[in-house]
Amino acid sequence: MPSTARVATSDDRQLDRLFRALGDRTREAPATVSELAEPFAISLPAISRHIRVLEEAKLVAREVDGRVHHCSLDASALQTVDGWLRHYRRFWTANLDALARYAEDGPGRGGRRAIRGDRR
């Protein structure tokens, strides 16, 4: 029986970083551009360009108070991603289930219909 343990890939580590960043309670309150830039060794204009990309993707909302710009996460934009993931999860689950049935039953029992998921 195959082991269920698996080696962490770079994708897994990236997802861990992503969810850790999104889940950090310090991200709940708006932060200034300077506060956001603090941990990075890049200029404020470069940080502003990155924030602008996030704003265009509707992931960040910016509120201007004089010269101070406050940025906050707008997680509602992630609902689009969730819908996309749900669609493809259903698609791949149905197709992989059909492939598993085909592999278990063999080509003589179900044939091509098993792969397409047809239920006649």
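1. Helices (H or I, at least four residues) and strands (E, at least two) are DSSP runs here, numbered from the N terminus. On that count the protein has 5 helices and 3 strands, in the order α-β-α-α-β-β-α-α from the N terminus on.

2. Some ground rules before you dig in. This is a predicted model, where local features need pLDDT of at least 70 and side-chain atom pairs count only at pLDDT 80 or more, while totals for chains, interfaces and linings use all residues. Residues are numbered from 1 along each chain as its sequence is written, and side-chain values use heavy atoms, with hydrogens and water left out.

3. On burial: buried means under 20% relative accessible area, exposed over 50%, and partly exposed in between (1.4 Å probe, protein chains only). Buried residues make up 13% of the 120 residues.

4. Now helix H3, residues 44-56. Ala46, Ile47, Ser48 and Ile51 are buried in H3. Those buried residues pack against helix H2 (33-37), strand S2 (60-65) and strand S3 (68-73), with contact meaning heavy atoms within 4.5 Å. After H3 comes Lys58, which has a positive phi, near 65 degrees.

5. The largest nonpolar core holds 6 residues: Val33, Ala37, Ile47, Ile51, Val60 and Cys71. H2 and H3 each supply at least two residues of this core. (A nonpolar core is a set of buried Ala, Val, Leu, Ile, Met, Phe, Trp, Tyr and Cys residues joined through side-chain atoms within 4.5 Å.) Leaving aside residues up to four places away in sequence, Ile47 touches Val33, Ala37, Phe40 and Ile42.

6. Thr32 sits in strand S1 (residues 31-32). Thr32 counts as buried because its relative accessible area is 16%. Again leaving aside residues up to four places away in sequence, Thr32 touches Val68, His69 and His70.

7. Last, have a look at helix H4 (residues 78-105), where Val81 is found. Val81 is at 41% relative accessibility, so this residue counts as partly exposed.
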